[in-house]
Amino acid sequence: MRWRARADRERGASMSQVVGFVGAGRMGEPMVYRLVAAGHRVQVYARRDSVRKRLREGGATVVDSADAAASSADIVIACLFSDAQLVEVLAGSDGVLAAAPREAVVVSHTTGTVSTVTDLVAGHPGGPALLDGPVSGSADDIAAGKLTVLLGGDADAVARARPVLESYAGTVIATGALGTALSVKLVNNALFAANAQMAAAALELGTRLGIGEQQLLDALAVSSGRSFAAGSIGRTGGLTTFEQVVAPFLRKDVAACRAATADLGIDIGRLGAVIDGGPLDLG
């Protein structure tokens with residue numbers, strides 16, 4: 001039994017990776033803690049002093065630049081807000097793609113356009129493999145190890161990144177070639193936005209019928225009209241709070257979806273009509 005325990009420890013140690021991390025924000029910071037807890041050596045770049053202090057206390061190695069985070073990493077994770085930030089951090093002679101070892105894998109959790117990731121790859125031929133890895137879930141899901149990660153790109157690179165991402169992801173889905181994960185995520189976001197508009201419209205109808213909002217949400221949760229969107233409104237604390245807290249992120253996602261589909265000459269069709277016609281401001 002002692003031999004087996006030692007073998008298990010050694011096998012776990014052999015699976016540990018050097019992980020470079022950029023973007024330790026609302027979603028990225030709990031990812032770092034999960035990576036550290038899984039036994040990976042995490043070198044992370046963060047700008048704010050308060051975040052840097054917490055990351056050090058959480059067991060990560062804090063470095064002074066994005067290229068320093070990437071320079072000796074096996075896997076580099078970028079958890080950034082926008083395409084513009086992704087290009088700023090990954091591109092150029094001092095960016096992550098230039099600094100990371102050629103055999104490394106770089107994972108982008110940014111929800112953006114397919115052309116951005118394909119342009120980044122085209123600008124760094126022979127560089128590390130880049131995967132688009134948009135996520136679905138919340139910071140609480142990350143802390144619980146239940147996040148969903150979609151991965152598009154080279155199959156071997158996906159296989160190498162998967163065990164590291166499973167430090168905080170309960171589900172990792174390979175979607176195919178580079179860019180397909182972003183396309184899946186954008187369809188998902190558009191559908192969620194449309195569902196949220198339909199749930200909000202249902203609550204407005206309930207109000208006109210004299211039904212209390214919480215009573216209707218409770219009934220929908222156990223009836224055939226239930227949906228993840230209606231459940232999200234309930235968990236957030238009601239429609240007003242949902243519009244204040246969640247709608248700004250939905251607006252970003254809807255804008256990203258429209259930019260991505262326009263980039264490909266595609267109209268989002270009926271999903272767009274529902275998103276534009278509902279009571280929530282998602283334009």
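Contact here means heavy atoms within 4.5 Å. Helices (H or I, at least four residues) and strands (E, at least two) are DSSP runs, numbered from the N terminus. The model is predicted, so local features need pLDDT of at least 70 and side-chain atom pairs count only at pLDDT 80 or more, while totals for chains, interfaces and linings use all residues. Residues are numbered from 1 along each chain as its sequence is written, and side-chain values use heavy atoms, with hydrogens and water left out.

**Helix α3**
- What covers the buried residues of α3 includes α2 (28–37), β2 (41–45) and β3 (61–63).
- In α3 (residues 49–57), the buried residues are Val51, Arg52 and Leu55; buried means under 20% relative accessible area, exposed over 50%, and partly exposed in between (1.4 Å probe, protein chains only).
- Viewed down the axis of α3, these buried residues fall within an arc of 100°, so they line one face of the helix; the arc is that of the directions from the helix axis to the C-beta atoms.
- Asp49 and Glu57, on the other side of α3, are exposed.

**Strand β4**
- Strand β4 (residues 75–78) is covered on both faces, with Ile75 and Ile77 buried on one side and Val76 and Ala78 buried on the other.
- Strand β1 (residues 18–22) runs parallel to β4 and is joined to it by 4 bridges; two strands pair if DSSP finds at least two bridges between them.
- Val76 in β4 is the bridge partner of Gly20, and Val106 in β5 is the bridge partner of Val76.

**Ala229**
- Ala229 lies in helix α12 (residues 228–236) and is buried, with a relative accessible area of 2%.
- Not counting residues up to four places away in sequence, Ala229 touches Phe192, Asn195, Ala196 and Ala199.
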